Amino acid sequence: MMLQIKALIADGILEGVKSIAPQSEMTAEDVLGLLEYPPDPAMGDIALPCFKLAKTLRRSPVQIASTLAPLVSGEAIERAEAVNGYLNIYLSGAYLAEKVVPEILDKKEAYGAPDLGKGKTVVLDYSSPNVAKPFHIGHLGTTVIGHALKRLHEFAGYKCIGINYLGDWGTQFGKLILAYRLWGSKEQIEAGGIDELVKLYVMINNAISGNEEQGIAPNKEYADQARAEFHKMELGDEENIALWKWFVKISLDEYEKTYKQLDITFDSYLGESFYTDKMPAQVEKLRDMGLLKIDDGASIVDLEEHGMPPCLILKRDGSTLYPTRDIAAAVYRKGEYDFEKCIYVTSNQQILHFQQWFKVVELMGYDWYEGLVHVPYGTVSVNGAKLATRTGNVVLLKDLFAAAIEKVTEIMEEKNPDLKGRSDIAEAVGVGAIVFYYLSNNRIKDINFNMEDALSFDGNTGPYVQYTYARACSILEKAAANGVAPCGEGIKLTDPLEKALCVVLSQYEERVRVAIRDYEPSVITRYILDLATAFNRFYHDCAIFSAEDEAIRATRIALTAATKHVLGSAFGLICLRKTEKI
């Protein structure tokens, strides 16, 4: 709804711009880009800072605002005022309520879904942990950002294929197989699962690289033996392949526990190993096209004229590298899914890697290269310490979730000991607290994860918005018990806070479009906070059941139902579970 209103406002402003400067080439789209939401409703619901037009129109912002004010009108507009070079536009609360609330009550959680993806497929490559390593907090970004982007695109009508591109191939498996033969046993692994695999991995790395603190000297022989074990894997050695498959299964069983807590599923688990036999064809294509060059024995694609270092395709010994696998995977996915976009969600440390192989795909003549999208995110540290599985310096996601769930359980036992289904609710709120904390940040920013902040239940947090949803459910449950159902007819606004709530509700589709355009789930997180804040202000100041006028009472119940539907929809877009009771 807000998009349509802003489009009408932009048309009126453009008419004024043309009257001042007929030669102007400004479009309605340009005007839309200038419109803002003021920080204070007293300054209008929408504003145009006219100083942005002063140079183009060669007039002062004050003159421009005064000229444009009379041209912004219509049934959606209450008034437009020129104030100190700003055009402040106040919307009609009655118009918003009559249009927005009935639409939400009709469409429910489908309200606000933009029609962007009909007939289009999006492939999303995210999470993608390295097998035999546990889920730690560093994996949280790719996992929840990636799944939020999947749900956003699904909401907009795209067919989405979620791919967990497992790191299930490489020299680390040679290390692990060697460590297992040196120090492990079947009984230990079956009892300890992935934790035991991690212990072995840390031990072999310490043995190879040395660990001064533990008095371990580097051992080059172990490094050579590990490479030999992986080479045997590449040649199809049955014993090593069987061990590798076992390690993969143990890892996936553990990962599924975390994915279940996050309510995340994937359409494909094809990892790096799947593309082993698909790389030679792409290497041969590069060679046939004259793109491969030999540099110190290695095969590269020279990207100097594109402002990048060379992209390594083959090592000196002829073995492949990450770009080779990524190119082969992209070609396979295009053939398999005919994607409109293929989105990769990884750390910003890999920006150059993706720029390089995307450029190589373009040089190879694949006309779909523009559909390749890298979505980087910042790194995570815990209290300033970087994470590394190799050294064992990790904060496991399962431990973080467990701590959050335990804290929620303690609070619930104190405040609502008779609540049914407490364990499920505690998990939803505890895990939600971690996810919401993470997705509240712009994805590109580095995060120093502070445990106390993440688990705080005050302020702009996951528990706060989940409690708001539960509050709306409670109101509607009480209304139903009294025989009152939400109705979109006869809406009667009598308080500014009701209008303020309608304004935020009307912005949902716009925010969804921005989140998809910018690949930025935090846009939805911030919208959820805005909506929860607007609803709670409305709830505290506007009596619902004690309102004397029946129409006012029905209106407020309808606004509550509308809020519940939109919050529930938005929760789903960021992997946050709905909680009808807390």
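Predicted model: local features only at pLDDT ≥ 70, side-chain atom pairs only at ≥ 80, totals over all residues.

Reply: The buried residues of helix α7 pack against α8 (186-192), α9, α10 (220-234) and α11 (238-262).

Helix α7 covers residues 171-183, 13 residues in total. At 1.5 Å a residue it should span 18 Å, and its end C-alpha atoms are 18 Å apart, so the two values agree. Its buried residues are Gln172, Phe173, Gly174, Leu176, Ile177, Leu178, Ala179 and Tyr180. In an α-helix there are 3.6 residues a turn, so residues three or four places apart point the same way.

Leu182 and Trp183 belong to a nonpolar surface patch, which they make together with Met203. The patch has an area of about 240 Å². Met203 is part of helix α9, residues 194-209. Its relative accessible area is 36%, so Met203 counts as partly exposed, the range for that class lying between 20% and 50%. Helix α9 is also one of the helices that the buried residues of α7 pack against.

For a separate site, take Thr346 in strand β9, which runs over residues 341-347. Thr346 has a relative accessibility of 13% and is therefore buried, the cut-off being under 20%. Leaving aside residues up to four places away in sequence, Thr346 touches Phe354, His374, Val375, Pro376 and Tyr377. With His374 there is also a polar contact between the side chains, at 2.7 Å.

Methods
Residues numbered from 1 in each chain as written. Heavy atoms only, no water. Patch = residues over 30% accessible without salt bridge, like charges linked within 9 Å, V, L, I, M, F, W, Y side chains within 5 Å. Areas by Shrake-Rupley, 256 points an atom, 1.4 Å probe, with all protein chains shown as cover. Salt bridge = Lys/Arg side-chain N within 4 Å of Asp/Glu carboxyl O. Helix = DSSP H or I, 4+ residues; strand = E, 2+ residues; numbered from the N terminus. Buried < 20%, exposed > 50% of the residue type's maximum accessible area, 1.4 Å probe, protein only. Expected span 1.5 Å × (residues − 1). Contact = heavy atoms within 4.5 Å. Polar contact = N/O pair within 3.5 Å; in protein donor to acceptor, adjacent residues only side chain to side chain.
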